[in-house]
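Subject: Structure handover

Hi,

Here is the structure I promised to pass on to you.

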Amino acid sequence: MSIVPGMGMVRGMGFTLKRFFAPKATVRWPEQPADVAPKFRGRLQLLYDEYGTLKCETCFQCAQACPIECIDMGGIDTKGRFHVHWGPPETYGERREESALRRSGRTVPDAAFARFDPIDTTALDEILDRHDYDPRALLTILEETQAEYGYLPVGALKHISRITGTWYAMIYGTATYYRHLRLEPPVIEAESAGEAHLAIESAYRSALDASLGYGAEASAR
Amino acid sequence: MTAFLTTPRDWPAVLTGRVAALRKDPGDLDAATRAGAFEGLRIAIRDLGPTGTIATIAASGLRGRGGAGFPTGDKWRAAASQPAGQRYVVANGYGADPGVRTDAVLLAADPWLVLEGLAIAAFATGATEAILAVRADDQALVTRLEGAALAAEEAGFLGDNVLNSGQRVTVTIRPVQGAFMLGEETVLLKALEGKRGQPEQKPPYPTEKGLFGRPTVVNNVQTLAAVPWIVRQGSAAYAAIGAEDSPGTVLVQLRGPAGGGIAEVPLGTPLRKLVDLAGGKGKQTVKAVLVGGPTGGLLPPDQLDTPYTYGPLREAGAHMGSGSVVVADERACIVDLARLLTRFSADEACGKTIPCRIGLRRLYEIGDRIATGRPKPTDAVLLGDLAHDVAASGLCDHERLATLAFTSGMRYFRSEIDDHILRSSCPAGVCQPIAVAAGAAH
């Protein structure tokens, strides 16, 4: 803090005035090399294309050229045959990217794919056999599958689609429409299948009673 | 089991006539045949023949009890005249309205009536496959119906050779569940086909392309339950009951502040009598009558002389629908009630068409705005326009009728809605439209 008000402004403008008359400082790069540390090779960066996936082709040229061997990478060779890898295990976040993981031949932890848990299809095959593999009995097949497995695993829907030849989209459409069908295990063990719709119906009844002001008399009945 | 309400002695009991005889054990086929079960089927096969049966039903003036009120005789004739190797008859006993149990109660009290009606319908239309769709959550009812179908088959009333006529009628009990929309006929057919339950454009009607693309008659269980009586007593006797253009009786689920229950009433009975049957108005005065379940309309006390039948109810702004009549007294607020009904209809929309999926949701939101005190000055106009557009562009009756709660509310209770919008007060004291006052304060 200066004692005289406005002194800072005068100093700043003085510096500007001094630079105004000083000779220009221009470095003619690349003819005249810039003053950088001898080991510096530029900043390492993986680039993304316009679709948001990594542009890296896993050619290892950067890893081979790296003088301090700080680059490690893994992937599939250009013919898609062998898993190739360079350097210590991947530790950086961008290498856990979906595209990087897929290229390195690892499983991609995607919620939509994670449900494809393999299931024991013996019981499902019996159900399908009982209904003659007839997609017209799809609703019954789905209900019985749910009774068997507790819910409708995506693997089971895929299996039904493959065996009966029905489009997966149609099976999925049916399975998601009816409230008593569920695609995840029930939260409460004892919850019965039709509970979801009955809960909605009883909620409507009590809401209607409340709206009519029946309250006490209605609950007594 | 819910008992039937005692109705005046001169009201005919077409649907519930045998309930007293079967009170001890509804599954007793011998008792049922002693009381006249399957007599109509015998007459239809022996005396009338398929075309004669259809002519009898058409002459009786029986109309569909599912709500739309399509003449049953015409429907059967349309299905029978379609050239097809396979026809189906489907009895819709789903009873989608959460507050109504008429279909289930009828099936439980007298399972033979609907089975006989199904057999006659199948015989008349030449269908060999008859399907009775019921709610799956009532396991006891499903078991009872399956037992009844089996017993009737063993006794020769159903099965490969119905009453030695050479006609085959196989009745299958199909429990369905999981969606409100299953009450709509094309949705029910989709469910029976194992598809996603979304309605289809009509025409082609199910009588041309129904279940698995074959001609299908879809009748409510109450329609089919009236058929044996008509065949037995003749079409003239049935046409004499109830209203002139829509004769017969219908089961009504009554609900009022003082009680309620299920009653069989002749069509054309004034609403006032139904309100009295529901236990009267109780301590307070009747403010509105909700006719038709969640998609029904709200009628004011001065409309209580409206006859309970298809045409006049639609003109008044309600519909028969599920056969539900709910009496609301002074404690109920019209905006709150209409908001609740529209919300239920919007939640249960299948999502196939945009007016239903989005329009009903917006209707509910406008109602919610009015009820919670954040109305816009244009909301009354917007409500009317939107309801009109949704009803005009609807695919199935669900979306057309789901607007009735608000349209009838606007028609009869405009002053109460205006109180909410303009004066931010709820006459019934149900809603708390005080946010406008609070908004002015800060």
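Below is what turned up when I went through it.

One thing to keep in mind: this is a predicted model.

Let's start with the overall picture of chain B. It contains 18 helices and nine strands. Its radius of gyration comes out at 23 Å, close to the 22 Å that the globule rule gives for 442 residues, so chain B is as compact as a globular protein of that length. Of the 442 residues in chain B, 57% count as buried. Among contacts in this chain between residues at least 6 apart in sequence, 71% join residues at least 24 apart.

Next, the inside. In soluble globular proteins, nonpolar side chains tend to be buried together. Here the largest nonpolar core has 163 residues, and the ones that touch the most other members are V90(B), L118(B), A119(B) and L188(B). Helix 5 of chain B, residues 111-125, supplies the largest share of this core, with eleven residues. If you click on A119(B), look for L41(B), F157(B), L158(B), V162(B) and V169(B): A119(B) touches these, leaving aside residues up to four places away in sequence.

Helix 5 of chain B also packs against helix 8 (residues 221-233) of chain B. The two axes come within 7 Å and cross at roughly 80 degrees. An angle of 65 to 115 degrees counts as roughly perpendicular, so that is how helix 5 of chain B sits relative to helix 8 of chain B. On the helix 5 side the contact includes L113(B), L118(B) and I120(B), while V221(B), L224(B) and V231(B) are among the residues it meets in helix 8 of chain B. By class, this contact has eleven nonpolar, one polar and one charged residues.

Now for where the chains meet. The contact takes 22 residues from chain B and 26 residues from chain A. Helix 12 of chain B, residues 334-348, gives the largest share of the chain B side, with four residues. That side of chain B divides into eleven nonpolar, five polar and six charged residues.

A few backbone details are worth a look too. The peptide bond from W29(A) to P30(A) is cis, with omega near 5 degrees; P30(A) lies in the loop between helix 1 (7-21) and helix 2 (61-65) of chain A. Another cis bond joins K202(B) and P203(B), with omega about -5 degrees, and P203(B) is in the loop between helix 7 (185-192) and strand 4 (216-220) of chain B.

Then there are positive phi values in residues other than glycine. F38(B) has phi near 65 degrees and is in the loop between helix 1 (29-34) and helix 2 (39-60) of chain B. It counts as buried because it has 24 C-beta neighbours inside 10 Å. N164(B) has phi near 55 degrees and is in the loop between helix 6 (139-154) and strand 3 (170-176) of chain B. With 9 C-beta neighbours inside 10 Å, N164(B) counts as exposed.

Last one: A84(B), in the loop between helix 3 (72-81) and strand 1 (88-93) of chain B. This residue has 18 C-beta neighbours inside 10 Å, so it counts as partly exposed. A84(B) touches R214(B) and P215(B), not counting residues up to four places away in sequence. Its C-alpha atom is separated by 10.0 Å from that of G213(B), 129 residues apart along the chain.

Cheers

Key. Residues numbered from 1 in each chain as written. Chains lettered and ligands numbered in written order. Predicted model: local features only at pLDDT ≥ 70, side-chain atom pairs only at ≥ 80, totals over all residues. Helix = DSSP H or I, 4+ residues; strand = E, 2+ residues; numbered from the N terminus. Buried ≥ 20, exposed ≤ 12 C-beta atoms within 10 Å, placed from the backbone. Contact = placed C-beta atoms within 7 Å. Core = buried A, V, L, I, M, F, W, Y, C linked by C-beta atoms within 7 Å. Rg over C-alpha atoms; globule rule 2.2 N^0.38 Å. Nonpolar A, V, L, I, M, F, W, Y, C, P; charged D, E, K, R; others polar. Axes fitted to C-alpha atoms, helices over the stretch in contact; angles between N-to-C directions. Parallel < 35°, antiparallel > 145°, perpendicular 65-115°, else oblique.
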